[in-house]
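Work through the exercises below with the sequence and the model side by side. Try each task before reading the solution under it.

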Amino acid sequence: MIKFIFVFSFFLNLSIYSQTINLTNGEWPPYFSQNMKNYGIASNIITKAFENENIKVNYGFFPWKRSIELAKSTKWNGTVGWTKTLGRQDDFYYSEEPIFKGKLVFFSLKSESFNWNSFDDLKKFNIGLTNGYSYGNIFDFYLDNKTLNIEIANEDILNFKKLFSKRIDIFPIDLEVGMYILNNYFTQTERNLLTYHSKSIDERSYYLLLSKNPQNKIFMNKFNQGYKTLKENKNFNVLTDNYKSYLFIRNSSLIKDLTFRWFIIIFYKKIDLFRSTFFYWYNFDNSSETFSLTKSYWTLFFTVLYSAFTNGEC
C-alpha cells in the first residue's frame with residue numbers, strides 16, 4: 001500500500017506541469033530580482049499565469065541587454081518586462097495585456113521645493129540620469145538636442161546619493177523602483193529628506209515577450225488565458241500588495257533590530273507564562289503582601305519592556 005502511494009505521488013508530481021518554458025530575466029527590483037521571493041512582483045505574476053495552464057517557468061538572470069538578445073535564441077523562449085517598440089514587434093509576440101504599469105517621476109529634496117509643468121521648465125535644473133536607461137520619447141528628444149543639464153551615473157543608488165549631497169537637483173526613476181531603493185539602502189532620516197513630484201514624466205506598460213515561432217505562439221495563447229484567469233481571481237491584488245516597497249527590508253542592521261524586537265516579544269510571552277504559573281503554585285507561607293508586591297514589579301517591568309520594543313522606542 002505504501003509503495004502504491006509513493007508511486008502514485010511520484011507520477012502525480014510529474015503531471016502537475018505538462019510543459020516548461022524558459023524565460024530570460026534581470027535585476028530591477030521590486031519587479032524583477034533573483035534575490036527576491038518568487039523573483040519579484042512581475043516574475044511572480046508571470047509564473048502564476050503559466051501555472052494556471054500547467055506550465056512551469058524557468059528563469060535565467062542576465063544583464064538586460066543580453067537578456068533580450070538571448071530571448072531570440074532557441075534555448076530561451078522569451079523575456080520578461082519590456083515596453084512596446086517597432087523593432088521588438090518584428091522579433092517577438094507581445095502578451096495581450098501588460099504585466100504591470102510603471103510611473104516615471106522626479107525625486108528631489110523637500111527643501112528645494114521643486115516644481116515643473118513642461119519639459120522647458122527643466123532647463124534650469126541639474127538632472128541626474130542612470131546610464132543605459134530611456135526616460136520616454138519626449139525626454140529623450142530633449143536629451144538628444146542637449147537642451148538639458150545632465151549628469152550620468154552608472155547606478156540608481158548613486159543618483160540618490162547625489163541628491164542628498166546636492167550635486168544634482170532632480171532624479172527621474174520609476175516610482176516603485178525608487179521607493180524600493182530608498183527603503184533598502186537608506187535610513188529613515190535620509191528618506192524623510194526626499195519627495196517625488198505628483199506629475200509623471202512618462203507612464204509605461206511592460207509586457208511578456210516570446211520570440212516568434214509556432215511553439216511560442218501556443219505558449220503566448222496559453223499565457224494570455226492564464227493571465228486572464230489570474231486577474232479574475234479575487235486574490236489577484238494580493239500578488240502585488242504583498243510586495244509593497246515598505247515590506248522590503250534588506251539592510252542588515254534593520255534585520256538585526258527587528259529580530260531582537262521579536263526575541264523580546266517572544267521572551268516576554270514565555271516569561272509571562274512562567275511568571276503566572278510560578279506565582280500560582282509557589283507557597284509564600286501566606287506572605288500575601290510580598291507575593292502581591294513582587295508580582296506587581298514583574299508585571300510592570302515586562303510590560304514596559306514589551307511596550308518599548310513593539311513601539312520601536314528601543
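**Exercise 1.** Decide whether helix α6 is mostly covered or mostly open, and list which of its residues are buried.

*Solution.* Begin with the extent of the element: helix α6 spans residues 156-164, where helices (H or I, at least four residues) and strands (E, at least two) are DSSP runs numbered from the N terminus. Next apply the burial scale, on which buried means under 20% relative accessible area, exposed over 50%, and partly exposed in between, with a 1.4 Å probe and protein chains only. Seven of the nine residues of α6 are buried, and the helix is mostly covered; the buried ones are D156, I157, N159, F160, K162, L163 and F164. Finally, look just past the helix, where K166 takes a positive phi of about 65°.

Two notes apply to every exercise: this is a predicted model, in which local features need pLDDT of at least 70 and side-chain atom pairs count only at pLDDT 80 or more, while totals for chains, interfaces and linings use all residues. Residues are numbered from 1 along each chain as its sequence is written, and side-chain values use heavy atoms, with hydrogens and water left out.

**Exercise 2.** Find the ring that pairs with F160, and classify the pair.

*Solution.* A pair of aromatic rings is described by the distance of the centres and the angle of the planes. Rings of Phe, Tyr and Trp (its six-membered ring) pair if their centres lie within 6.5 Å, and planes under 30 degrees apart count as stacked, over 60 as edge-to-face and the rest as tilted. The centres of F160 and F171 are 5.1 Å apart and their planes stand at 90°, so this pair is edge-to-face. The pair joins distant parts of the chain, since F160 belongs to helix α6 and F171 to strand β8, 11 residues apart. Both F160 and F171 are buried.

**Exercise 3.** Classify the pair formed by F119 and Y142, and say which parts of the chain the pair ties together.

*Solution.* The whole structure holds 30 aromatic pairs. One of them, F119 with Y142, is stacked, at 5.6 Å centre to centre and 25° between the planes. F119 lies in the loop between β5 and β6 (126-130), whereas Y142 lies in helix α5 (residues 137-144), so the pair ties together parts 23 residues apart in sequence. F119 and Y142 are both buried, and both belong to one aromatic cluster, whose members include W116.

**Exercise 4.** Determine which strands pair with β10, and over how many bridges.

*Solution.* Two strands pair if DSSP finds at least two bridges between them. β3 pairs with β10 in the antiparallel sense over four bridges, and G78 has L210 as its bridge partner there. Strand β4 (residues 92-94) also runs antiparallel to β10, joined by three bridges, and the partner of Y93 is again L210. β5 and β10 form an antiparallel pair over five bridges, with G102 bridged to R204. β10 is mostly covered, with seven of its 10 residues buried.

**Exercise 5.** Identify the element that gives the largest share of the lining of the largest pocket.

*Solution.* A pocket is an open set of points on a 1 Å grid over the protein atoms alone, where a 1.4 Å probe fits, with protein on both sides within 12 Å along at least five of seven lines; lining residues have an atom within 4 Å of a point. The largest pocket is lined by 27 residues, of which T83, R88, S134, R204 and Y206 lie nearest its centre. The largest share, five residues, comes from β10.
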